[in-house]
Number of protein chains: 10
Amino acid sequence: MMTKSDVTTMIRAAKREKQISWAEIAAAAGQSEVFVTSACLGMNSLLPEPAAKVAKLLDLPEEAVTVLTEFPTKQFDKLVPTDPCIYRWYEITGVFGEAFKELVQEKFGDGIMSAIDFDMEIEKVEHEKGDRVKVVMSGKFLPYKSW
Amino acid sequence: MMTKSDVTTMIRAAKREKQISWAEIAAAAGQSEVFVTSACLGMNSLLPEPAAKVAKLLDLPEEAVTVLTEFPTKQFDKLVPTDPCIYRWYEITGVFGEAFKELVQEKFGDGIMSAIDFDMEIEKVEHEKGDRVKVVMSGKFLPYKSW
Amino acid sequence: MMTKSDVTTMIRAAKREKQISWAEIAAAAGQSEVFVTSACLGMNSLLPEPAAKVAKLLDLPEEAVTVLTEFPTKQFDKLVPTDPCIYRWYEITGVFGEAFKELVQEKFGDGIMSAIDFDMEIEKVEHEKGDRVKVVMSGKFLPYKSW
Amino acid sequence: MMTKSDVTTMIRAAKREKQISWAEIAAAAGQSEVFVTSACLGMNSLLPEPAAKVAKLLDLPEEAVTVLTEFPTKQFDKLVPTDPCIYRWYEITGVFGEAFKELVQEKFGDGIMSAIDFDMEIEKVEHEKGDRVKVVMSGKFLPYKSW
Amino acid sequence: MMTKSDVTTMIRAAKREKQISWAEIAAAAGQSEVFVTSACLGMNSLLPEPAAKVAKLLDLPEEAVTVLTEFPTKQFDKLVPTDPCIYRWYEITGVFGEAFKELVQEKFGDGIMSAIDFDMEIEKVEHEKGDRVKVVMSGKFLPYKSW
Amino acid sequence: MMTKSDVTTMIRAAKREKQISWAEIAAAAGQSEVFVTSACLGMNSLLPEPAAKVAKLLDLPEEAVTVLTEFPTKQFDKLVPTDPCIYRWYEITGVFGEAFKELVQEKFGDGIMSAIDFDMEIEKVEHEKGDRVKVVMSGKFLPYKSW
Amino acid sequence: MMTKSDVTTMIRAAKREKQISWAEIAAAAGQSEVFVTSACLGMNSLLPEPAAKVAKLLDLPEEAVTVLTEFPTKQFDKLVPTDPCIYRWYEITGVFGEAFKELVQEKFGDGIMSAIDFDMEIEKVEHEKGDRVKVVMSGKFLPYKSW
Amino acid sequence: MMTKSDVTTMIRAAKREKQISWAEIAAAAGQSEVFVTSACLGMNSLLPEPAAKVAKLLDLPEEAVTVLTEFPTKQFDKLVPTDPCIYRWYEITGVFGEAFKELVQEKFGDGIMSAIDFDMEIEKVEHEKGDRVKVVMSGKFLPYKSW
Amino acid sequence: MMTKSDVTTMIRAAKREKQISWAEIAAAAGQSEVFVTSACLGMNSLLPEPAAKVAKLLDLPEEAVTVLTEFPTKQFDKLVPTDPCIYRWYEITGVFGEAFKELVQEKFGDGIMSAIDFDMEIEKVEHEKGDRVKVVMSGKFLPYKSW
Amino acid sequence: MMTKSDVTTMIRAAKREKQISWAEIAAAAGQSEVFVTSACLGMNSLLPEPAAKVAKLLDLPEEAVTVLTEFPTKQFDKLVPTDPCIYRWYEITGVFGEAFKELVQEKFGDGIMSAIDFDMEIEKVEHEKGDRVKVVMSGKFLPYKSW
């Protein structure tokens with residue numbers, strides 16, 4: 001039975017062979033880079049149409065389209081990520097998490113920023129002292145219900 | 001000996017009594033809300049001038065100015081944060097971390113986004129289906145050195 | 001500086017001395033038992049009016065009203081709870097969590113049940129073979145955003 | 001030797017191919033959705049008759065009926081679940097666990113809600129501000145024995 | 001506010017000073033040694049009458065009687081106990097746990113031995129090759145509910 | 001090379017096919033149910049004669065007899081067991097461990113109950129309010145050596 | 001109430017002030033260095049006579065004698081010790097543990113070396129290439145009981 | 001590519017089939033039992049000559065000689081070992097580690113016992129009250145460098 | 001699909017068979033030993049030219065060149081490394097980490113030493129009392145941004 | 001009883017008040033910065049003479065000299081350090097640890113770099129693209145003993 005993990009391996013193999021970028025895959029799907037990449041890595045589900053377009057671009061078998069549309073179980077195995085590029089986010093959570101909470105709640109009241117009704121973009125900003133990674137995230141504010 | 005933790009308690013007590021917001025403290029310091037709040041929570045150091053302004057606004061004792069300018073040891077005790085508002089960031093790291101890495105490295109080459117040469121803003125975006133928390137982060141791209 | 005933990009201790013002391021139940025405290029606050037109890041234990045914030053009513057019933061000092069209205073940082077120290085009454089919920093999460101996810105997503109699409117826009121009631125149901133604890137929870141369905 | 005895990009894979013494959021829902025499987029078994037789904041996922045045992053009906057609906061081999069009736073060893077590998085839909089239950093345990101315990105014991109005396117003599121239903125409640133997931137759980141109250 | 005932990009310290013101090021054994025305390029309470037000892041250590045609650053008798057024997061203050069009757073939150077801090085006398089039980093759980101489960105379920109059906117409707121006795125058995133600790137535990141069998 | 005784990009799988013397969021109980025296997029071996037079951041699960045070694053009898057009853061290959069007599073490395077992978085039937089023992093260790101230690105040492109002096117020179121029986125006790133699992137364990141008392 | 005930890009602090013303070021070595025304390029007690037040191041650190045109990053001698057040598061108060069004779073709960077807080085001198089033993093356990101088990105069981109049969117009926121001596125062996133720490137441990141072999 | 005783990009499996013298979021003991025393997029290698037056994041288990045490297053002798057005794061293939069001489073990466077997977085025979089060493093580290101450190105440093109100065117320039121012997125000592133496992137370890141004292 | 005791990009195995013196999021050292025591989029690549037070795041172990045990426053040279057020296061297949069140039073996800077599985085040669089670095093981090101931080105920040109201001117813009121050399125220094133491993137690391141100082 | 005931790009607090013207080021750097025303290029002691037700083041932080045012991053000089057410079061009480069010369073128990077509480085400046089070393093251990101081991105053992109044979117007979121210097125190297133932290137460590141090579 002073909003799994004999300006199998007499909008991710010197929011996508012990586014096709015990317016290597018065909019020299020296709022995530023940006024091109026996202027463009028084919030007609031959605032954002034972050035979302036489409038996360039779906040190809042098995043962390044989100046695609047709707048049938050973009051799934052079909054991704055499969056066509058990469059020559060994936062028919063069943064892969066179905067797999068891409070199935071709802072994933074989101075598993076991340078390391079409590080503390082080790083890859084430096086991912087760890088830095090974990091570190092930001094640790095260093096700025098409390099400040100983030102203080103400010104969200106000062107501006108909005110008692111509640112949180114949703115990680116579900118959520119989107120994110122990543123952009124390259126050129127800078128003479130070194131280019132910068134710009135990340136824009138937006139999540140719906142969810143007030144704690146009182147009852 | 002007065003510690004960063006003592007000063008954070010003093011700041012929280014003054015905020016409660018004087019009804020002063022983080023936004024007002026940041027304005028007094030003349031710096032951004034995220035940075036000043038994190039410094040007041042003991043996770044960053046202030047330069048002497050903004051430290052003095054914060055202390056004046058909140059009527060903190062003289063030694064607190066020194067403490068605010070000292071370089072912190074950044075400690076976060078929970079490997080997995082439990083407060084929902086902070087946990088959602090941890091979850092984003094887990095769910096989107098690998099996609100983030102793929103895209104940063106596709107756009108910039110092998111390397112990471114710095115969490116040190118880094119800034120972040122939090123903004124309230126009004127929206128008819130529910131207001132949104134907008135977060136903009138920017139970190140310098142650091143290429144892995146090859147030698 | 002009076003903390004949420006201090007107020008919880010005051011509430012427990014008053015309950016012991018005055019023999020007041022959580023049900024009576026919730027009735028005084030005019031809100032549900034689960035919510036008010038969790039707020040008294042420092043896991044949620046009360047609005048000023050119910051906070052004042054709780055404080056009055058229990059003869060808490062003025063500052064306690066403020067503390068009860070402040071937004072908590074929700075901390076739970078044990079990754080695996082040890083008290084049997086609480087552990088059983090943890091066990092239910094482990095045993096039925098995957099089935100819960102399958103059914104929520106079959107009925108609603110890819111998404112989750114919110115733990116923020118959420119309410120819960122606990123009821124005693126008499127039964128000849130042994131009384132039963134009935135728990136009714138309701139959380140808003142949040143679909144994953146696709147972008 | 002066919003394992004529970006093998007049978008779960010067979011069931012998922014049959015569901016994908018035949019487009020059969022958990023609700024239909026439960027209806028075939030003549031039992032509740034939560035219980036039958038958890039049994040198909042290897043977390044509970046079915047009696048021979050419903051097992052046979054499930055196998056017939058999904059065209060499972062004969063040995064699968066035996067496997068479905070065997071008593072499982074309930075294993076959940078993550079101390080802290082990572083999938084957001086399951087994590088939210090873990091969070092509810094952390095945030096409301098102590099309040100739950102206080103109220104159960106105030107209403108019933110020293111004891112717990114059983115997770116064994118236990119049932120659960122999940123229901124979709126339509127709501128103009130967003131549909132809600134309603135969960136009704138009922139567990140026998142078990143008083144601590146004193147001897 | 002006097003806590004269970006305070007009362008345990010008082011009991012240990014009184015035992016040291018008055019040279020009273022757990023067996024004598026249990027006899028005064030009129031209940032079994034294991035149960036009364038666990039209650040004195042803060043892991044179970046006593047009914048008012050035995051609590052009063054324990055307090056009288058040990059000259060505990062009035063409030064201690066109330067504390068002994070309150071329902072404890074059962075906390076054990078170490079995931080793996082380190083004291084050799086306690087660790088050996090943990091080891092027995094690891095070495096014989098699966099065999100225990102197989103045999104209980106072979107004899108009774110799918111279910112568990114309750115740790116709530118449960119009792120235990122400890123006895124000294126003299127033996128020429130070395131005395132033996134005999135432990136007799138009895139827990140109600142709880143069948144998994146099917147629904 | 002045939003391992004203990006291979007032999008356990010063979011035994012489970014033979015049990016399923018031949019419908020043989022642990023009680024029958026133990027009877028064939030001429031030893032207690034708990035011990036023989038634990039040996040079949042790879043947690044203890046059998047002497048050659050009972051090993052041969054078990055193998056004969058279940059039609060195991062010749063090498064399996066050797067494997068059953070080899071001394072196991074006792075591995076249990078979960079620090080905290082998750083199966084409810086096994087977890088309850090873990091919970092008993094946590095809740096009653098300290099009381100157990102106090103009473104053993106009050107009766108015997110400073111030392112422990114051996115988990116090596118140890119035996120255990122499990123018995124079904126019928127009871128009108130629900131049958132009970134009775135467990136009798138006996139371990140040699142080992143006094144701490146003073147030197 | 002004076003604890004084992006209090007007495008350890010008293011002993012360390014007296015050692016510092018009076019410049020008394022562990023060897024001298026052991027000589028006063030009339031027992032081995034390892035055992036007496038471990039008892040002074042709260043990890044073993046002394047008999048009344050050696051306890052009194054230790055207390056006399058170090059001018060400890062009367063209650064300390066009682067505390068030294070009480071049976072400790074042996075707690076070690078770190079799963080992995082960090083002090084290099086102690087970590088090396090942990091490392092030896094990891095590197096040579098399996099070989100140790102193989103050889104003990106080859107020489108004695110299925111069983112273990114007791115850590116309870118156990119003694120240890122530490123000796124300084126002068127050597128031209130650098131002095132060596134010699135450790136001699138002896139533990140009773142305990143065969144696994146078969147029943 | 002043949003790994004250390006493959007060679008360990010070959011050695012165990014040959015031992016089972018040829019009924020050869022670790023003592024015989026060590027004698028063939030001309031080195032101590034503990035060292036040779038640990039090397040066969042993949043935790044140390046042999047020099048070419050003893051490796052060849054071990055391979056000859058056990059009829060291992062040529063590449064196994066090379067593998068036995070390669071330098072291992074010493075991995076032990078469990079932070080806390082579960083096999084009772086190995087756990088007891090872990091326990092000794094916990095219970096006597098601090099006393100060991102005190103005495104080594106009292107006798108030698110600030111430093112440690114090496115676990116690298118280290119040897120160990122295991123011996124069976126017959127005793128009327130039960131045979132004893134005698135372990136003699138010797139490690140070079142390494143003083144902390146001051147600079 | 002050929003992975004980094006596959007290529008590392010190929011490299012180790014070729015090293016064993018051809019008796020080629022890491023120093024020779026690094027020389028072929030024309031880069032430093034530490035960097036090239038880490039890349040061969042899957043922890044860094046090579047540029048196409050050195051990758052091709054490494055592949056040629058070791059007779060690796062064409063796809064291996066591509067794999068060596070791909071950007072790795074840096075995974076290290078053990079929170080605490082167990083191999084003694086690697087553990088000692090972990091220990092140095094624990095023992096000297098705080099002193100390192102104090103001195104870096106005293107010399108440079110609030111910030112860190114980069115582990116990305118970083119290089120390291122390892123050298124053998126002969127010494128009459130025993131040869132020494134000399135490690136020279138250099139990382140760019142990164143000041144914390146204030147904004 | 002004055003502890004190492006007390007003395008570290010005294011030193012930090014004196015540094016803050018007198019504006020004395022670690023470099024000045026090391027110069028007073030006549031030893032290297034890394035070693036003296038680590039000793040002041042409680043991770044190493046000083047000889048009496050440098051301890052007295054440090055105490056004089058900082059006006060520490062007499063007992064502090066004794067405390068500084070006592071042999072510490074080196075404790076580091078976090079398995080994974082959280083401060084970014086210290087974490088980067090942990091990361092280097094994870095990313096380059098295996099390469100470090102390969103190269104040390106290729107150059108020296110099977111063994112390790114000592115963390116005890118060890119020294120380290122930290123230096124500021126000015127660089128037009130950003131100053132660099134240079135760290136030079138040297139540890140004695142310790143060959144594994146074969147016996």
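**Close-up views of a predicted model**

**View 1. Ala55(F) and its contacts.** Beyond its neighbours within four places in sequence, Ala55(F) is in contact with Leu60(F) and Val65(F). The model shown here is predicted. Ala55(F) sits in helix α4 of chain F, which spans residues 48-58. Is Ala55(F) buried or exposed? Its relative accessibility is 4%, so Ala55(F) counts as buried, the cut-off being under 20%. Leu68(F) lies 13 residues away from Ala55(F) along the chain. The C-alpha atoms of Ala55(F) and Leu68(F) are 9.0 Å apart.

**View 2. Thr93(B), a residue of helix α6 in chain B.** This helix covers residues 84-108. Thr93(B) has a relative accessibility of 5% and therefore counts as buried. Which backbone atom does the side chain of Thr93(B) reach? It is the backbone oxygen of Trp89(B), at a distance of 2.9 Å. Thr93(B) also has contacts in chain A, once neighbours within four places in sequence are set aside. These partners are Pro81(A), Ile86(A), Trp89(A), Tyr90(A) and Thr93(A).

**View 3. Chain A on its own.** Chain A has six helices and two strands. Along the sequence, the pattern reads α-α-α-α-α-α-β-β. How big is the box that the C-alpha atoms of chain A fill? Along the principal axes, that box is roughly 50 × 50 × 30 Å. Chain A has 147 residues, and 62% of them count as buried. Take the contacts in chain A with a separation of 6 or more. Of these, 53% join residues 24 or more positions apart.

**View 4. The interface of chain A and chain B.** Here 70 residues of chain A are in contact with 69 residues of chain B. The two chains bury about 6800 Å² between them. Carbon and sulfur atoms give 69% of that area. Which residues of chain A lose the most area to chain B? They are Trp89(A), Arg132(A) and Val133(A). Together these residues account for 10% of what the chain A side buries.

View 5. One salt bridge pairs Glu98(A) with Arg12(B). Their closest N and O atoms are 3.2 Å apart. How many residue pairs are in polar contact between chain A and chain B? The count is 30, with both residues at pLDDT 80 or more. On the chain A side, several elements each supply at least two residues. They are α1 (4-18), α2 (22-29), α3 (33-40), α6 (84-108), β1 (111-125) and β2 (132-143). Helix α6(A) gives the most, with 25 residues. By residue type, the side of chain A that touches chain B has 36 nonpolar, twelve polar and 22 charged residues.

**View 6. The interface of chain G and chain E.** Contact here involves 15 residues of chain G and eleven residues of chain E. About 1100 Å² is buried between the two chains. Carbon and sulfur atoms give 57% of this area. Which three residues of chain G supply more of its buried area than any other three? They are Met1(G), Lys74(G) and Phe76(G), with 44% of what chain G buries against chain E.

View 7. In one of them, the side chains of Asp77(G) and Lys78(E) meet, at 3.2 Å from N to O. Helix α5 of chain G (residues 62-69) gives the largest share of the side that touches chain E, three residues. That side of chain G divides into seven nonpolar, three polar and five charged residues.

**View 8. How chains are placed.** A rotation of 72 degrees superposes chain G on chain E. The shift along the axis is 0.0 Å, and the RMSD is 0.0 Å. That is the relation of a five-fold axis. Some chains do not meet. Chain A and chain G do not touch, and their nearest C-alpha atoms are 18 Å apart. Chain D and chain I have no contact either. How far apart are the closest C-alpha atoms of chain D and chain I? They lie 16 Å apart.

Key. Residues are numbered from 1 along each chain as its sequence is written. Chains are lettered from A and ligands numbered from 1 in the order in which they are written. Side-chain values use heavy atoms; hydrogens and water are left out. Contact means heavy atoms within 4.5 Å. Buried area is the accessible area (1.4 Å probe) that two parts lose on being put together, summed over both. A salt bridge is a side-chain nitrogen of Lys or Arg within 4 Å of a carboxyl oxygen of Asp or Glu. Helices (H or I, at least four residues) and strands (E, at least two) are DSSP runs, numbered from the N terminus. Ala, Val, Leu, Ile, Met, Phe, Trp, Tyr, Cys and Pro count as nonpolar, Asp, Glu, Lys and Arg as charged, and the others, Gly among them, as polar. Buried means under 20% relative accessible area, exposed over 50%, partly exposed in between (1.4 Å probe, protein chains only). A polar contact is a pair of N or O atoms within 3.5 Å; within protein, one must be able to donate a hydrogen and the other to accept it, and residues adjacent in sequence count only if both atoms are side-chain atoms. Copies are superposed by least squares on the C-alpha atoms of residues with pLDDT of at least 70 in both.
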